[in-house]
Amino acid sequence: MEATARAHPNIAFIKYWGNRDDHLRIPANSSISMNLDGLSTETTVEWADDIAADYLILNGTAQTGPALERVQRHLDMLRRRLNLSAYARVESTNNFPMGAGIASSASSFAALTVAGVAASGRGDIDERELTRLARLGSGSASRSVPGGFVEWHSGDSHETSYAESMAPENHWALVDVIAVISTAHKAVGSTEGHKSASTSVLQTARVADAALRFEQCKRAILDRDFVTFAEVVERDSNLMHAIMMTSRPPLFYWLPGSLEVMESVRSWRSEGLDVCYTMDAGPNVHCICTQERAAEIETRLRQMTYVVDVRTAGVGGAASVVRVSKR
Ligand code: PMV
């Protein structure tokens, strides 16, 4: 059987940084995100008896090396859990360019998991289990499986670490206006970054306070309270970057342009615009605003010298199976 699935990337409001178990990707703290509509990864998986190895085509190009190996490790895990022995043909495309400031690992591993399970014909695997399986490929991929605004419960085991939707995509019309500062490939990826988080003496303090920020952020989303939301989202992003900068070796993802955008966002908010910023493991700044303000924020960002491009995305739905067919 062959199946195609589609998943959106997500932007975290309460960040995941550091694991209590690197192998199982059990995070140090629970996190919250929204899926990004319009941006997606579409992946087709065929479990095939006529091939002697897994095969990956990414955006039209056959892959070898680290990209293929990471997918193979995920397929090995799926084979064990689905009781399969066949190798897989995997073809995946992103409708957004790599290196445009939008992490593709979340949508990629969510789509790969959902397609791989659908192609196995196993109907007994529910959404919660799909989030656990996606988590094993990339932690944030667990949050790209359910729709809308999503919470990932850290848990303390494979069973208890899963994601679920806290509100559907039509709950609050937020928009992520992404200020692209650089399209260069990042030097240190998040898998390595998570491993170094505990080398910062600040990580213990960040994690100790994370449950409180999680509750504040969740309440603000459920109440559509932008003022509280903005304060906690920026604080959480700053805390994660404080860990990165004080890890050994240190990780500096901010560029001068990132800082300029963050300062502008704070001053626009003091003018009365509903906008706040959050940054992932890269220099680009995600400006989160209400839909009414999105065009204004985009215009202002485009006028800034360091901003090389701007992309916008509203709240996206769940990962879904687009097609299943028998070969
Ligand atoms: O899922 P990973 O290993 O790519 O980690 C994601 C880490 C951040 O994007 C920086 C934060 C987050 O919660 O998405």
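Colleague: What covers the buried residues of α3?

Modeller: This is a predicted model. In it, the cover over the buried residues of α3 includes β4 (26-27), α1 (66-82), α2 (105-120), β10 and β11 (162-167).

Colleague: What makes α3 a mostly covered helix?

Modeller: Nine of the eleven residues of α3 are buried. Those buried are Glu129, Leu130, Thr131, Arg132, Leu133, Ala134, Arg135, Leu136 and Gly137.

Colleague: Where is Ala141, and why is Ala141 called buried?

Modeller: Ala141 sits in the loop that runs between α3 (127-137) and β10 (149-153). Buried means under 20% relative accessible area. Ala141 has 0% relative accessibility, so Ala141 counts as buried.

Colleague: Which residues is Ala141 in contact with, leaving aside neighbours within four places in sequence?

Modeller: With those neighbours set aside, Ala141 is in contact with Ser105, Ala106, Phe109, Ala110 and Ala134. Ala134 is also one of the buried residues of α3. As for Ser104, 37 residues separate it from Ala141 in sequence, and the C-alpha to C-alpha distance is 9.2 Å.

Colleague: Why is Glu151 called buried?

Modeller: Glu151 is in strand β10. The cut-off for buried is under 20%. At 5% relative accessibility Glu151 falls under it, and therefore counts as buried.

Colleague: What makes the pair Glu151 and Lys218 a polar contact?

Modeller: The side chains of Glu151 and Lys218 are joined at 3.1 Å. The cut-off for a polar contact is a pair of N or O atoms within 3.5 Å, so the pair qualifies. Lys218 is also among the residues in contact with Glu151 beyond four places in sequence, and the others are Ser31, Tyr162, Ala163, Glu164, Met166 and Phe214.

Colleague: Is Glu46 buried or exposed, and how do you know?

Modeller: The relative accessible area of Glu46 is 10%. Buried means under 20%, so Glu46 is buried. Glu46 belongs to strand β6 (residues 41-48). Not counting residues up to four places away in sequence, Glu46 touches Met1, Glu2, Tyr87, Ala88, Arg89 and Arg327.

Colleague: Why are Asn59 and Arg224 called partly exposed?

Modeller: Partly exposed is the range between the buried cut-off of 20% and the exposed cut-off of 50%. Asn59 has 36% relative accessibility and so counts as partly exposed. Arg224, at 46%, counts as partly exposed too.

Colleague: What kind of peptide bond joins Arg248 and Pro249?

Modeller: The bond is cis, with omega about 0 degrees. Most peptide bonds are trans. Pro249 lies in the loop between α7 (226-245) and α8 (256-270).

Colleague: Which residues come nearest to the ligand?

Modeller: Among the 14 residues around the ligand, the nearest are Tyr16, Ser140, Arg143, Ser190 and His194. By class, the shell has five nonpolar, six polar and three charged residues.

Colleague: Which domains does the shell around the ligand draw on?

Modeller: The shell draws at least three residues from each of domain 1 (2-170) and domain 2 (174-313). The C-alpha centres of domain 1 and domain 2 are 23 Å apart. Their contact takes 30 residues from domain 1 and 41 residues from domain 2.

Notes: Residues numbered from 1 in each chain as written. Predicted model: local features only at pLDDT ≥ 70, side-chain atom pairs only at ≥ 80, totals over all residues. Heavy atoms only, no water. Helix = DSSP H or I, 4+ residues; strand = E, 2+ residues; numbered from the N terminus. Buried < 20%, exposed > 50% of the residue type's maximum accessible area, 1.4 Å probe, protein only. Contact = heavy atoms within 4.5 Å. Near = heavy atom within 4 Å. Nonpolar A, V, L, I, M, F, W, Y, C, P; charged D, E, K, R; others polar. Domains from an automatic or database assignment. Polar contact = N/O pair within 3.5 Å; in protein donor to acceptor, adjacent residues only side chain to side chain.
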